[in-house]
Amino acid sequence: DDDDTVWSGLKILRTEGGQKNDLQGIVEFIATCQVKGKSSQLHEISEFVCADGEWLYKKGAGIQPQRRTQEKIGRNAPCPCPSGKKFKKCCGQ
């Protein structure tokens, strides 16, 4: 779509199939972009099929970001390990 999206990166996380003699394959990726000046990411698992020697996109399922189950530790908070240091100078490096 022409929605002012500027794509800036693609990281392939894993693949399944998709070799020379395969008829289908799966790619999990994270694409980074700017949408109207705001940074964004698309994390998707996409299915592809091979027809007449060409790989075609079949469908994809977006992956929702994982929500934290624990409160985020601030950089200046004490480290939860027994070191006695600030988090940023210990386990937060």
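Is Arg-14 buried, partly exposed or exposed in this predicted model? Arg-14 is partly exposed, at 30% relative accessibility (buried is under 20% relative accessible area, exposed over 50% and partly exposed in between, with a 1.4 Å probe and protein chains only). In this predicted model, local features need pLDDT of at least 70 and side-chain atom pairs count only at pLDDT 80 or more, while totals for chains, interfaces and linings use all residues. Residues are numbered from 1 along each chain as its sequence is written, and side-chain values use heavy atoms, with hydrogens and water left out.

**View 1. Salt bridges around Arg-14.** The whole structure holds two salt bridges (a side-chain nitrogen of Lys or Arg within 4 Å of a carboxyl oxygen of Asp or Glu). In one, the closest N and O atoms of Arg-14 and Glu-16 are 2.3 Å apart; Glu-16 is partly exposed at 40% relative accessibility. Arg-14 also forms a salt bridge with Glu-28 (2.7 Å, N to O). Arg-14 belongs to strand β1 (residues 5–17) and Glu-28 to strand β2, so this pair ties together parts that are 14 residues apart in sequence. Through shared partners, Arg-14, Glu-16 and Glu-28 form one network. Glu-28 is buried, with a relative accessible area of 13%.

View 2. Strands are DSSP runs of E of at least two residues, numbered from the N terminus, and two strands pair if DSSP finds at least two bridges between them.

View 3. Glu-44 is buried and has no salt bridge; Lys-59, the nearest side chain of opposite charge, is 11 Å away (Lys and Arg count as positive, Asp and Glu as negative; His and the chain ends are not counted). The bridge partner of Glu-44 in β4 is Gly-62. Contacts of Glu-44 beyond four places in sequence include Val-27, Phe-29 and Tyr-57 (heavy atoms within 4.5 Å).

Notes
Helix = DSSP H or I, 4+ residues; strand = E, 2+ residues; numbered from the N terminus.
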